[in-house]
Amino acid sequence: MSMTFTAEQDEFRTSVRRFLEQKSSPADVRRLMETDEGYDPAVWRQMAEQLGLQGLALPEEYGGSGYGFIEQIAVLEEMGRALLCAPYLSSVVLAGTALVQSGDDAAKRDLLPGIADGSAIATLAWVEDLAGGGTGSQCTTAQRSGDGYTIDGRKTLALDGHVASLILVVAQADDGSSLFAVDGSASGLTRRKLETLDMTRKVAALEFAGTPARLIADEGAAAGILERTLQLAAVALAAEQVGAAQKCLDMSVEYAKLRVQFGRPIGSFQAIKHKCADMLLEVESARSAAYYAAWAAADGSDELPLLASLAKACCSDAFASAATENIQIHGGIGFTWEHDAHLYYRRAKSTEQFLGSPSEHRDLLAQRLLHGEGVQP
């Protein structure tokens, strides 16, 4: 596989960065994280209409642009760098990927165009236990009701679930774990925004009480759909973490050049040099892991399950370390609310746990290696 970006992809990345610098400045992030919605609808529309970001990697026959996973991770890396407050990860990466992976042509034809043009905000609700986000048994149940289904139960940690107009829900049906589409205005649906450490990314708890739902794909098909979706989402999140970690490194280096102590820039002190050098090594290693996993996803490689876990573990560690060292290098000012360092630290800690912690992914990686899963002969 070729692991280099083309000139067109680099130019597209530059355009995305320029857009985000204008629309997701630190002032914009602080303003939006204090709102209930957590995003700017005008900017969301501009992302779709001017850059086509929501439909970038979705199939053309369903309203997308038909580009691939490589272009999408370049976008996510820039979004992580800017700490963008928008439902891109929930709507495009999680819900959009789940629909594509479902193989349900009718559902894709009906639901993907709205995601692609930004008119719909979607999310994927599968987590029931705050202690983990596994794909195992579901307490949320689905019962046949006329030509459709009704859902009863609850979900938590649904990204942007409080504003989603489309919710994809994993529930237990007669033939096993299944995927359902629920309209955001459906009867029996109760949503509650949760207070979390990372104020730049909103999550919600959802309750369903006889809520009408539409079956996606076949009954019992959710496990396979969810497994593949979460693997791709882990790679996407790893790319976002790389962008944010790089920003932490850039902030640290810039401050080390400007801050003067004892008559010289603090960047000239060996301790600060070592911190910055270690950060650079960790960020570049994480970038390599994320890019390799992304190219494997784009090529449909059998190694994706291994590489997704490797990338998520490596990038989570690198981002958490970079965000911590960024605060340390900034000294006293780095601990203040007014400085942006704590916003990256909060995002680092939230993404470290979301879609599986580094230790969970290392365990999963070890199990797969032990059983020879995804290993090329």
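Start by selecting Phe335, which, leaving aside its neighbours within four places in sequence, is in contact with Ile327 and Gln328, contact meaning heavy atoms within 4.5 Å. Before going on, note that this is a predicted model, in which local features need pLDDT of at least 70 and side-chain atom pairs count only at pLDDT 80 or more, while totals for chains, interfaces and linings use all residues. Residues are numbered from 1 along each chain as its sequence is written, and side-chain values use heavy atoms, with hydrogens and water left out.

Phe335 sits in the loop between α9 (304–330) and α10 (341–353); helices here are DSSP runs of H or I with at least four residues, numbered from the N terminus. With a relative accessible area of 59%, Phe335 is exposed, where exposed stands for over 50%, buried for under 20% and partly exposed for what lies in between, using a 1.4 Å probe and protein chains only.

Next, select Glu284, a residue of helix α8 (residues 270–298), and colour it as partly exposed, since its relative accessible area is 35%.

Now turn to the cysteines. How many disulfides does a search of the whole structure find? The search finds zero, a disulfide being a pair of cysteine sulfur atoms within 2.5 Å. Cys276 is in no disulfide, and the cysteine sulfur nearest to its own, that of Cys248, is 12 Å away; Cys276 counts as buried, at 14% relative accessibility. Select Cys314 as well, whose sulfur is 5.3 Å from the closest cysteine sulfur, in Cys315, and therefore too far for a bond; Cys314 is partly exposed, with a relative accessible area of 26%.

Finally, show helix α1 (residues 7–23) together with helix α3 (residues 41–51), whose axes come within 12 Å and cross at roughly 155 degrees. The axes are lines fitted to C-alpha atoms over the stretch in contact, and angles run from 0 to 180 degrees between N-to-C directions. The two helices, α1 and α3, are therefore roughly antiparallel to each other, a term for angles over 145 degrees. To see the contact, select Phe12, Val16, Phe19 and Lys23 of α1 with Val43, Gln46, Met47, Gln50 and Leu51 of α3.

Technical notes
Parallel < 35°, antiparallel > 145°, perpendicular 65-115°, else oblique.
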